Amino acid sequence: MSGAQANWSADGSDLPEIDPHTKAKHKILEKYLENLIITLCGKGRYGERTFTFIDGFCGGGMYEDRDNNTEWEGSPIKIIKAIRAGYKKSKRKYTVNIKYIFIDKDKQHLNCLKNYSMPKAGLGELIDGKPHECKTEYGTLVEECEFRIGEFEDLVNECVFKVDIRKGHSLFFLDPFGWTDVSMESIKKINYLNKSEILFTYMIDYLKRFVIGKHGKEQITFNRLLEAEGYYESANLKNLDRVGEQCYLRNESMRLFRDKGKAKYVFTFSLIPKGDVIVLYYLLHLSNNLTALEVIKESFWQENNLDYQYCFDLYGHGFKTAEFYAEGQASLIFNITKNNYDFCIDKLDRDIGKIIYNNPDGIRYRDLCDLTMELNPASREHYRSYINRLKKEQEIEIVREGKSVNSSNIILQKDDIIKVSKFKQLSFF
């Protein structure tokens with residue numbers, strides 16, 4: 001819900017207009033949660049059975065979509081529907097327990113969500129705060145919604161406590177109006193939880209124009225809230241529209257949230273206003289779980305169309321509107337519908353090819369992913385395709401439980417050992 005302050009009337013008669021970048025975020029959120037549930041419910045014999053989803057700045061649940069002369073469902077509704085869709089597609093027959101916590105500081109927004117948006121979306125049974133069963137042909141979801149009025153910063157301890165008591169997997173969707181609404185201390189508390197992750201809107205454009213590289217009260221507040229002293233010190237404010245400066249800001253942001261936010265994995269989706277080359281804000285995915293990182297990267301690939309673009313060597317994934325490309329600014333990006341697959345494989349060749357050849361005695365597939373997954377936009381399918389290509393070309397061999405795997409199209413397992421082939425090692429000498 002970042003950007004200009006949006007307001008909802010309690011009865012839904014007045015809804016804010018949806019913008020293209022919020023649509024993009026919602027699509028990513030929706031696809032990711034669906035894929036996450038499919039992956040975690042289908043993992044192992046029993047899968048995950050308990051989930052908690054916190055929308056820290058939930059708003060009123062509906063927007064006005066003037067482009068299509070209709071209404072656009074907001075993040076609370078998209079979260080619930082994505083979870084239901086993912087559970088159904090997972091085809092698991094056991095019961096899964098879901099708790100949703102929706103937070104907003106404005107009582108009118110929550111009233112709009114409960115009294116207008118959720119009933120209109122067919123979710124009216126969840127507004128009473130009691131557990132309800134959602135039966136599918138395979139199993140049952142037990143869902144419960146909790147609605148909390150207040151600032152997220154004031155309620156984060158309560159949310160962390162509830163997640164810790166419930167156990168299972170949790171995700172915090174934090175889409176604040178401004179950069180002062182979420183502290184690094186809160187990010188850290190969430191990341192200390194077992195099996196938790198964050199999808200967070202980081203307002204980098206405002207920061208770099210008015211805080212980073214400047215002196216004054218805002219910089220003091222920024223350094224205090226986000227523990228950012230010592231970061232962004234080499235930022236050149238005169239060159240913000242240049243590729244190198246954009247890359248520096250992205251890398252520093254990732255370093256900041258890894259170091260201070262205690263996130264092992266940080267991945268960025270860049271959102272850029274039309275007609276511009278400067279990132280407006282990052283949608284950051286923070287986690288300590290490699291599977292979560294893999295799944296969100298796959299979700300980005302699935303959601304891409306002509307308007308979604310990858311800036312591999314600049315600042316990760318990007319969203320630009322059609323007007324941007326009409327102005328001839330597309331030289332910095334690659335169109336996913338054309339050559340992105342080949343470019344991605346070439347990027348893997350640089351990222352992981354060197355590691356394989358520098359470890360002639362072999363490296364575990366999971367360790368290889370752990371070392372490289374943040375460095376490129378590749379999905380698990382890209383990794384599998386690239387490694388199978390190396391095997392077909394007799395560059396490598398894959399060892400599983402002490403034996404070489406001879407299949408021509410291997411589905412890699414985390415403990416598989418990837419090593420330079422004996423033939424290739426001989427050629428080195």
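Is C112 buried or exposed, and what is its relative accessible area? C112 is buried, at 0%; buried means under 20% relative accessible area and exposed over 50%, with partly exposed in between (1.4 Å probe, protein chains only).

This is a predicted model, in which local features need pLDDT of at least 70 and side-chain atom pairs count only at pLDDT 80 or more, while totals for chains, interfaces and linings use all residues. Residues are numbered from 1 along each chain as its sequence is written, and side-chain values use heavy atoms, without hydrogens and water.

| Cysteine | Relative accessible area |
|---|---|
| C112 | 0% |
| C134 | 16% |

C134 also counts as buried. The number of disulfides, meaning pairs of cysteine sulfur atoms within 2.5 Å, is zero.

Helix α2 covers residues 75–90; helices are DSSP runs (H or I, at least four residues) numbered from the N terminus. Its 16 residues reach 22 Å from first to last C-alpha, close to the 22 Å expected, where the expected span is 1.5 Å times one less than the number of residues. In α2, 12 of 16 residues are buried, including I77, I79, I80, R84 and Y87. Just after α2, K91 has a positive phi of about 60 degrees.

The largest cavity holds about 80 Å³ of space. A cavity is a set of points on a 1 Å grid over the protein atoms alone where a 1.4 Å probe fits but cannot get out, and lining residues have an atom within 4 Å of a point. Of the 11 residues that line the largest cavity, F57, D104, K105, E151 and F177 lie nearest its centre.

Technical notes:
Helices (H or I, at least four residues) and strands (E, at least two) are DSSP runs, numbered from the N terminus. On a 1 Å grid over the protein atoms alone, a cavity is a set of points where a 1.4 Å probe fits but cannot get out, and a pocket is an open set with protein on both sides within 12 Å along at least five of seven lines; lining residues have an atom within 4 Å of a point. Grid points are joined across faces, edges and corners, and a volume is the space filled by probe spheres set on the points.
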